[in-house]
Amino acid sequence: MTIADNNPTEAGLRRGRVLRSHSNLFFVQTGGREWPCRQRGRFRLERNAVLTGDWVLFEPQPDGNGYIVEIEKRHNELIRPPIANVDQAVIVFTAREPDLNLPLLDRFLVLAAWSDIGVVLCLNKADLITSEEAEAIAEPYRQVGYTVLPIAAKHGTGLDKVTSLLTGRVSVLAGQSGVGKSRLVNALAPGLSLRTGEVSQKLGRGRHTTRHVELLPVAGGLLADTPGFSLLDVTGIPKDQLWLCFPEFVNYGNRCRFATCLHHKEPDCAVKAAVEEGHIQEARYRRYVEFLEEILAAPVRYH
Ligand SMILES: Nc1nc2c(ncn2[C@@H]2O[C@H](COP(=O)(O)OP(=O)(O)O)[C@@H](O)[C@H]2O)c(=O)[nH]1
Ligand SMILES: [Mg+2]
Ligand SMILES: [Zn+2]
């Protein structure tokens, strides 16, 4: 996107990040303060053209407000919550209360990978299990390459590592209801009350929530005030790209007999061979097949 001719020169513009919005005003952070900005130019009429998380150029006005004239190219974009340029998802899960749910965890991991978002796994409520149990859960995911941090938000245990990973990054929380997301935020940023998206989550997919998402300062970084990936729907992922969302498949998926191999029922599949030889965990492969079958059964979209 280039600056239109009738706009002032680049020299008069400032660059900042949109932290929140409120009735057509976008609050842009730069130089230690927030500028209330409106949209100008061709995207003024496009609804929601500017997203929370966007890097924008704006034209400062003498009254302290500004006009957004350009949105920088986004690294990624989440739909629910609507937010751009997310660095990582902090996925919270538990072994007890609620019980360990690895199919759901893998679903979050796939959705984060598909959105091109990094991941930090927090195994919360570690106080309810032994450290051996925690390690047994964490280790297979570490082998795949994920960072897994056993924590207990309730007791403030293990939070230093989480804090250091939030610093300087834009993060979104994810995880099923009851795993301790709110408790974690309260432990990381006491005094900051997090509104959660759990209510709209329960109302299901048909509902059009126009709720704005806000980036809050937490642990030297920015954290979205609404949990991510509430839709949990993998069917938007093209069938031939799902395997790329499983990091441990990536070294094998191009070595199959058929270039179009979906690592499903095809013969001479390098992924299936890696499962048989123990290089890929069977449980993870089963989840891959489960998600693939959901995609294959869904109405055709882009593929
Ligand atoms: N034992 C234990 N309970 C926790 C821990 N963290 C959160 N909880 C409890 O789990 C319940 C759900 O927490 P909440 O933060 O509301 O979960 P959310 O739905 O993910 O936001 C609350 O009763 C918390 O007190 C923890 O580290 N250990
Ligand atoms: Mg909550
Ligand atoms: Zn294959």
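Helices (H or I, at least four residues) and strands (E, at least two) are DSSP runs, numbered from the N terminus. Residues are numbered from 1 along each chain as its sequence is written, and chains are lettered from A, with ligands numbered from 1, in the order in which they are written. The model is predicted: local features need pLDDT of at least 70, side-chain atom pairs count only at pLDDT 80 or more, and totals for chains, interfaces and linings use all residues.

**Exercise 1.** Determine how the span of helix α2 compares with the expected span, and locate its bend.

*Solution.* Step 1: α2 covers residues 131-144, which is 14 residues. Step 2: the expected span is 1.5 Å times one less than the number of residues; for α2 the expected value is 20 Å, and the distance from the first C-alpha to the last is close to this, at 20 Å. Step 4: just after the helix, G145 has a positive phi of about 120 degrees.

**Exercise 2.** Identify the buried residues of α2 and what covers them.

*Solution.* Step 1: a residue is buried if 20 or more other C-beta atoms lie within 10 Å of its own, exposed if 12 or fewer, and partly exposed in between, with C-beta atoms placed from the backbone. Step 2: A134, I137 and Y141 of α2 are buried. Step 3: an α-helix has 3.6 residues a turn, so residues three or four places apart point the same way. Step 4: the cover over these buried residues includes β9 (118-124) and β10 (147-150).

Methods
Bend = angle between axes of the 7 residues up to and from the residue. Contact = placed C-beta atoms within 7 Å.
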